[in-house]
Structures are given as structure tokens and as C-alpha cells.
Amino acid sequence: MTTTEIKTNDRTTAPATTVRSNPAAARLDFAKTAPKVFRAVIGLDAAARQGLDPALVELVQIRASHLNRCAYCLHMHTTDARKAGESEDRLHMVAVWQEAEHFFTDRERSALALTDAVTRIGDAGVPDEVYDRAAAHFTEEELAHLLALILTINTWNRIALSTAKRAGTDER
């Protein structure tokens, strides 16, 4: 394995990233090795989605997957979003949602901002203004489900990245 540092912009660098020297080497199959844990995450995922607009669910999952650099989940959720009728324009704009305001509703933008804050929680926690903005667009129950959805996709991203899942190999 080798370690590299990735320049993310003119001022900062991302933490060192480990690159697999043999990406074809198999890692454990999480679903088969820890089936109870896998089923529990599936249950959390299903419960989190309840009461949320399916299009919003996919946007949140796509955004977190962008931030976490999870190609496996990004491929899966953009594919699911397309099947559900999401437009290519909106899918392309999720990565730059803050600069593409007119592509997303206020409700969607508040959910994407919350996704950013929760996914990057170590940077500064979840700022009050981000939480309050989301709370203004969602009922308490919806907000709890949205938070659970964000937590779940971050869990899935970490499972896929840790086990080196390859984009385009989704077996669903």
C-alpha cells in the first residue's frame, strides 16, 4: 500500500489517502461476514426513509457519497435516482448545490446543507444556522428521519470504502 496526499484547493490538502496497491485483491464480504450487523443497518436505512420524499432521499445519499468519495454508493444512488425519474441536470449539480441554487428547492437545499454539516461533523459540528434552516423546512419527525438517513448513508459509505467495494458491482 502507498500513501499519497491529495491537494484539494490552493490553501488546503486532504488527509493522507491510502491507495491500494492491488485493487483487485478481495476484502471481506461484510454482508456475509457480519449478517446481523448488515441487516441492522438495512433496517435503520429502511426506517430512516419513512416519510421522506424518495427524490430527497437520493439527493442526500448522493451528496454524502460525494463528500465521502464513495464511488460504489455514488454509482448506486445516481442509478437509483435516474430510475426514479431524477433529471441528469440535477444529478450533475448535487456536487455543487450551493452554486446551483435554482436547481433545488429551499427544502432540498436545507437538507443538503445538513448533509454537508453532519457528514463533515468533525470540522465544526453542526452549526445552529444549518440545523435551524432544516428545522424550518421539516417537521420534527421528518428532521429525525433526515438525520437518521444522513447517519445511515455515512455508515454505508464507510462500509463500502473499508471493504473496497467497486463502483458498478451493486448486486441489488
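Helices (H or I, at least four residues) are DSSP runs numbered from the N terminus. The crossing of α3 and α6 is right-handed, handedness being left if the near helix is turned anticlockwise from the far one by less than a right angle, and right if clockwise. On the α3 side the contact (heavy atoms within 4.5 Å) involves L56, L59, V60, R63, A64 and L67, and these residues meet E108, A111, L112, T115, D116 and T119 of α6. The contact of α3 with α6 comprises seven nonpolar, two polar and three charged residues, with Ala, Val, Leu, Ile, Met, Phe, Trp, Tyr, Cys and Pro counted as nonpolar, Asp, Glu, Lys and Arg as charged, and the others, Gly among them, as polar.

The structure holds seven salt bridges (a side-chain nitrogen of Lys or Arg within 4 Å of a carboxyl oxygen of Asp or Glu). One of them joins R63 to D116, with the closest N and O atoms 2.7 Å apart. This pair links distant parts of the chain, since R63 lies in α3 (residues 54-67) and D116 in α6 (residues 106-119), 53 residues apart.

Helix α6 also packs against α8, their axes coming within 9 Å and crossing at roughly 145 degrees, in a left-handed crossing. Here D106, R107, R109, S110, A113, L114 and A117 of α6 meet V130, Y131, R133, A134 and H137 of α8, a contact that divides into six nonpolar, two polar and four charged residues.

Helix α8 (residues 128-137) in turn packs with α9 at an angle of about 125 degrees, the axes lying 8 Å apart. The two helices are therefore oblique to each other, a class that takes the angles left over when those under 35 degrees count as roughly parallel, over 145 as roughly antiparallel and 65 to 115 as roughly perpendicular. The crossing of α8 and α9 is right-handed, and the contact is made by Y131, A134, A135 and H137 of α8 with E142, L143 and L147 of α9.

Helix α9 (residues 140-162) has 23 residues and spans 33 Å from its first C-alpha to its last, close to the expected 33 Å, which is 1.5 Å times one less than its number of residues. Just after α9, A164 adopts a positive phi of about 55 degrees.

Residues are numbered from 1 along each chain as its sequence is written, and side-chain values use heavy atoms, with hydrogens and water left out. As the model is predicted, local features need pLDDT of at least 70 and side-chain atom pairs count only at pLDDT 80 or more, whereas totals for chains, interfaces and linings use all residues.

Note on methods. Axes are lines fitted to C-alpha atoms, for helices over the stretch in contact, and angles run from 0 to 180 degrees between N-to-C directions.
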